[in-house]
Amino acid sequence: MEHRVTLKFSVDSGNQYLYDDATGMTFVWSDLRERVLSALLDGSLGERRATWNNYAPADIDHEVLFISRWRQKYGAFVRKVGPYPPVPPPAELEAWIRKEILMQLILVVTEDCNLRCRYCAFSDHYPLNRDRTTKSMTFDIARRAVDYFFELARPEMERNPRRLFGVTFYGGEPLLEVDLIARVIDYARERFPGLVIPVMTVNGTLLSPEVAKTLADRDVHVSISLDGPTAEHDRNRVFPSGQGSYEPVMRNLRRIREEMPDFFANYVTSVSTYDCRTDVEAVSEFFFSSPDPTPPVLFVSKVATRNTDYYDAFGPEDLEKHIAQVRWLRQDYKQRVIEGDRYSTYAQSYVGLPIATCLLRGRMANPRPPFLPFTGACIPGTKLCVTAEGQLDVCERVNGSFPIGHLDSGGVDFGRVKQVIENYRDSICDKCHACPVTRLCSMCYSTTEQEGVFAKTPEDCAETVAITRGSLADYYSIKEGNPSADFSYETDRTYLERRLMFL
Amino acid sequence: MIVYFRLATDSFLVSGKTDGAIYDLGRNRLLLLDPGAAALLKRCERNQPTDDLAPGSAEMALLDKLVQRGVGNFLPSPHFVEKLQFQSPVRFQGIAADPPRFDRLTFQITDRCGLACKTCRLEGHQATWQPCTACLMRALPGERAHPSGDDFDALFDDLRRLEFKNLHLRGGDPLAEPDLLADLLRRAAARYPELIIFVTTPGEGHLPNLATVSNQVRFNVVLLGTSAKDYEEAAGCGAAWDRVVSNVDSLRAADSQGAGRLLVTILLTETTRARKDELLAFAKDRWGLTPGLAETYPYPLTGWEGPPRFSHVGPRAKPVAPFRDTWEFFFRAYNNTCLFGGADLGLDGGFRPCAWVDEVFGHWPAESLHKAMSRPQPYHYWELTKESIEGCRECALRYACADCTVAELDGQLLPGVREMYCPLNLSEDLAVGRVRPVLGPAEFIEEIVLAEGSGHRG
């Protein structure tokens, strides 16, 4: 059985296009082309073309040739329903993960934090997530994690001499354990010279020039959580006293920019979080022209919407205002790209990243693993997240329900990895074969995790399709307006590499 | 009202200096455009309207013809036509770098040889075509490396870990070092039996005991002629001919099953250039083989008059290699077809992208093959497409070209040499349409001419 897997979309000019998920290609589309494709798929071309009196026979023939060629030569427009191969046995899975895909070690060096951000994933708003505690990782556990990770990665190091490995320090606020971090980096660099890229996301309050020097000496890539100008930042990012954290963060950044300009320019970025009350226009302007030091924005993240009561505090008027602002930001960004004007790195990440995702989507020769062919889920083991106590998680965002091993019990349990993939596949992917946007779907374990299960709703999938349609329309509107529109910033390798490291 | 014309998603307009070509991937064809047609298509691809073209004009007739060929269509408004891509347009490095597709290491194990060919060791005084399939040698500067048995074992271990498919042993003549060759083959069989090993030799030295040589070994014997007279003239050693024939006979007998363990390459030189067909027929008749061809053209660096031509390239004619499928087109567009997947290890222990490229990116045995391949230089050469090569980047035939790219690299270092490989003079020939492509089957190439008298006339 086959399903048509295409998505029609219109751009600002009114032109129609068709995205084809089977090939990953898009086509100029028209009513006649649509009629021909539909008729060819249901076998009614001979009967129906006799009724198409508004079209010249030569035009119909041309479209029949076009559709037929793409179907026959490239397998376009339709996808067969399975069967998909089973998840490989644990030993096979282990061999494949160790040789091909392992790329990042994440160390949760502390579960403590000196801030009490109102949207924190470890706050009471998120009952399924682990809680903030005062637990910290010992050097012994960190050392064992590093040794275990690189032993796991040995086949990959042997096969791929260009492969480097990210070592991410996560929290809580990782800089509460800056001495541990420095010691771990030194240890890892000594054991595995030239292979380690250390990264971390911090709240910036503890990033004094002295601490920054400790990080700069070790080439650590640092991303600062920065939600915008004072009012925006301090609305959510606060100390336990309720006092905002903007000024302490800026005080540190000003000194770093002045005293360590190379480190500031080359190693420091921002991540920015928003909710329905974020003044998107003001935040974008802040990152565009503030006299304060504003490192380029790598990510703009929405406060997590699943398994939370955080959004109960917002009303429809907040949502309406937010939607209007985002619409403005999109139009402004598109216009600037078309005209070759400068734009803020906030707009770049908020609007530009989904557009760049369309540009960089997988095509025919970028297949996913055959046993997990759909959604954006990684194979557990791509990243290895080690908690303060040595538990191994799929990633820093999937915690509690689906551990995949423990340092004290032999490391990764690949039988458990197999179970997680099967569980996810059975729960999430049962209808994906008919989805028109699988190559652009970002759904994964972290976005579908509930207590002990993975789950999604039809609305989740509909939202993915709608977002994809909007991003494709934005991309094509820009390219129609300016075929040589510059996306080089988005496609710059270093920039993309940084994004991956902070994922 | 229909006013725009755009090429199809899988039809690529490749611009030349004055002309152009449409690479029609849907049908694996090449439509050569004369300068007028190329200018018209460039304009259309920039979304400029065509309503200033008179119905029945030569321009409209040409566009109609392209619609009939299925490589383009008229549209009622400006559109963005995304071009066919097989892969996401990004190549990750660092933590997301894919494993490289290592194919072959060429390894010069000796500079000894029983022959003294006039065409060998002429670094800077010769131009070559397909030199890597012949036994031509560069005289490398510096000391020889002195590897131990452990170093050889470590090299084979690295080849296995990195999943190299092939090892090409070259010289001099590897048969001139029978003990070393036997030792290497023994170690390879023990440490990486899946590795395919080619031994490129002029065939004059001592063959190892073929009964003890593993199935992973193939011998590539380079012929300089078909008689003692040829060998006397080419190498100053007419007596060598009998030994070469005897060795190849032995190899053929050992390969009586026709398992492909014997290959023959004919090196065309001044002695034999005019007798190419005779040499091919000789190898076919005696050993039942279709040999490969390589060619060398010695010349003085100064005082020569005009560019000499290789036997496979005629005057004002471009050798064309049809892309067999869409994959091959993209491979040529994104990679260097000659250097991709390869590396060379010289007698001096230098790792190079190829024996004929100067840049060294590692020193063996002090540094391992693995260490050398962790550096960016070899991959830079792998991705050195024709877009990077002066002369080629303005040629519309650049993705359908049979020239040896390494030679073109050399050509940039030695002004004038390029013309020996490529017959085109972009500033003159294309402007007046005097180039005729050759070696491409007629069904692969079609010429599209905007107006009578302005096209490619050959």
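Reply: **Charges, pairs and backbone**

Asp124(A) is exposed, at a relative accessible area of 73% (buried is under 20%, exposed over 50%, partly exposed in between; 1.4 Å probe, protein chains only). The model is predicted, so to speak of local features takes pLDDT of at least 70 and side-chain atom pairs take 80 or more, while totals for chains, interfaces and linings use all residues. Residues count from 1 along each chain as written, chains are lettered from A and ligands numbered from 1 in written order, and side-chain values use heavy atoms, without hydrogens or water.

Asp124(A) sits in the loop between strand 6 (104–108) and helix 5 (139–152) of chain A (DSSP runs numbered from the N terminus: H or I, at least four residues; E, at least two). Together with Asp131(A), Asp309(A) and Asp312(A), Asp124(A) makes up a surface patch of negative charge (residues over 30% relative accessible area without a salt bridge, like charges joined within 9 Å; Asp and Glu are negative, placed at CG or CD).

Now the pairs. Over all chains, the structure has 71 salt bridges (Lys or Arg side-chain nitrogen within 4 Å of an Asp or Glu carboxyl oxygen).

Take Arg144(A) and Asp408(A). Their side chains form a salt bridge at 2.6 Å, N to O. The two are 264 residues apart and link distant parts of the chain. Arg144(A) belongs to helix 5 of chain A, and Asp408(A) to the loop between strand 14 (405–406) and strand 15 (411–412). Arg144(A) is partly exposed, at 28% relative accessibility. Asp408(A) is exposed, at 57%.

The next pair crosses between chains. Glu82(B) and Arg361(A) meet side chain to side chain in a salt bridge at 2.7 Å, N to O. Glu82(B) is in the loop between strand 5 (72–75) and strand 6 (104–108) of chain B, while Arg361(A) is in the loop between helix 14 (345–359) and strand 12 (383–386) of chain A. Both residues are buried.

Glu328(B) bridges to Arg324(B) at 2.6 Å, N to O. Glu328(B) is buried, with a relative accessible area of 17%. Arg324(B) is exposed, at 65%.

There is also a network of salt bridges. Its members are Glu94(A), Arg98(A), Glu151(A), Arg154(A), Glu158(A), Asp158(B) and Arg161(B).

Turn to the cysteines. The disulfide count over all chains is zero (the cut-off is two cysteine sulfurs within 2.5 Å). The sulfur nearest to Cys385(A) is that of Cys395(A), 7.0 Å away. Cys385(A) is buried, at 2% relative accessibility. For Cys461(A), the closest cysteine sulfur is in Cys432(A), at 6.4 Å, too far for a bond. Cys461(A) is partly exposed, at 26%.

Last, the backbone. The peptide bond from Gly171(B) to Gly172(B) is cis, with omega near 15°. Gly172(B) falls in the loop between strand 8 (166–170) and helix 4 (178–191) of chain B. Trp364(B) and Pro365(B) are also joined by a cis peptide bond, with omega about 5°. Pro365(B) lies between strand 16 (362–363) and helix 9 (369–372) of chain B, in the loop.

Phe77(A) is not a glycine, yet its phi is positive, about 80°. Phe77(A) occupies the loop between helix 3 (57–74) and strand 5 (78–80) of chain A. Phe77(A) is buried, at 0% relative accessible area. Glu163(B) has a positive phi near 65°. Glu163(B) is in the loop between helix 3 (149–161) and strand 8 of chain B, and is partly exposed at 26%.

Note on methods: Patches are made of residues with over 30% relative accessible area and no salt bridge: like charges are joined within 9 Å, nonpolar side chains (Val, Leu, Ile, Met, Phe, Trp, Tyr) within 5 Å. Accessible areas come from the Shrake-Rupley method with a 1.4 Å probe; for residues, only the protein chains shown count as cover.
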